[in-house]
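Here are my notes on the model you sent. Please keep the structure open while you go through the points.

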Amino acid sequence: SIGWTLRFLHERYKLPLYVSENGISCSDIISLDGKVHDSNRIDFVTRYLLEVEKAINSGADVRGYFIGRLWTILNGDLVIKNDSDWCSLTTELRKE
């Protein structure tokens with residue numbers, strides 16, 4: 001799991017961690033109300049963020065969590081071609 005991986009990397013390297021290129025491909029179906037009710041992607045992100053939170057609470061120095069094609073966008077290599085299944089999201093993680 002992502003939680004185990006973050007804890008392992010923290011214990012081994014003792015460096016700040018950033019999760020990148022993390023996401024899930026889902027078919028976007030437009031409902032009768034004109035909206036995409038994205039329950040699969042929401043569930044995926046929620047479960048992953050809960051695991052990241054557990055890793056942080058265990059001492060892992062996680063400083064960022066990026067979903068989607070962040071590095072592709074930063075590199076300027078993004079080609080959009082019938083690819084509505086992907087989005088980019090950044091989340092700031094804070095210890096409180």
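**Notes on the predicted model**

1. Two aromatic pairs are counted in this structure, which is a predicted model. One of them joins Trp-4 and Phe-8, and this pair is stacked. The ring centres are 5.2 Å apart, with 10° between the planes.

2. Where do Trp-4 and Phe-8 lie? Both are in helix H1. Four residues separate them, about one turn of the helix.

3. Is Trp-4 buried or exposed? Trp-4 is exposed, because its relative accessible area of 52% falls in the class over 50%. Phe-8 has 35% relative accessibility, so it counts as partly exposed.

4. Now look inside. The largest nonpolar core holds 13 residues. Ile-2, Leu-6, Val-19, Val-52, Ala-60, Val-62 and Tyr-65 have the most contacts within this core. Two or more core residues come from each of helix H1 (2–13), strand E1 (17–22), helix H2 (39–57) and strand E2 (62–67). H2 gives the most, with five residues. In soluble globular proteins, nonpolar side chains tend to be buried together.

5. Leaving aside residues up to four places away in sequence, Ile-2 touches Val-19, Asn-22, Tyr-48, Glu-51 and Val-52. Val-19 and Val-52 are also among the core residues with the most contacts.

6. Step back to the whole chain. The protein has three helices and three strands. Along the sequence they follow the pattern α-β-α-β-α-β. Take the contacts with a separation of 6 or more: 63% of them join residues 24 or more positions apart.

7. Check burial and surface next. The protein has 96 residues, and 24% of them are buried. Its accessible surface comes to about 7100 Å². Carbon and sulfur atoms account for 53% of that surface.

8. How far does the confidence reach? The mean pLDDT is 75, and 70% of the residues reach 70 or more. Confidence is highest in H1, at 94. Strand E3 (residues 89–91) has the lowest, at a mean of 44. Over residues 75–92 the pLDDT is below 50. Beyond near neighbours in sequence, this stretch still has 32 contacts in the model. Where pLDDT is low, the predicted coordinates should not be read in detail.

Methods. Residues numbered from 1 in each chain as written. Predicted model: local features only at pLDDT ≥ 70, side-chain atom pairs only at ≥ 80, totals over all residues. Heavy atoms only, no water. Core = buried A, V, L, I, M, F, W, Y, C linked by side-chain atoms within 4.5 Å. Buried < 20%, exposed > 50% of the residue type's maximum accessible area, 1.4 Å probe, protein only. Contact = heavy atoms within 4.5 Å. pLDDT = per-residue confidence, 0-100. Phe/Tyr/Trp six-rings, centres within 6.5 Å; stacked < 30°, edge-to-face > 60°. Areas by Shrake-Rupley, 256 points an atom, 1.4 Å probe, with all protein chains shown as cover.
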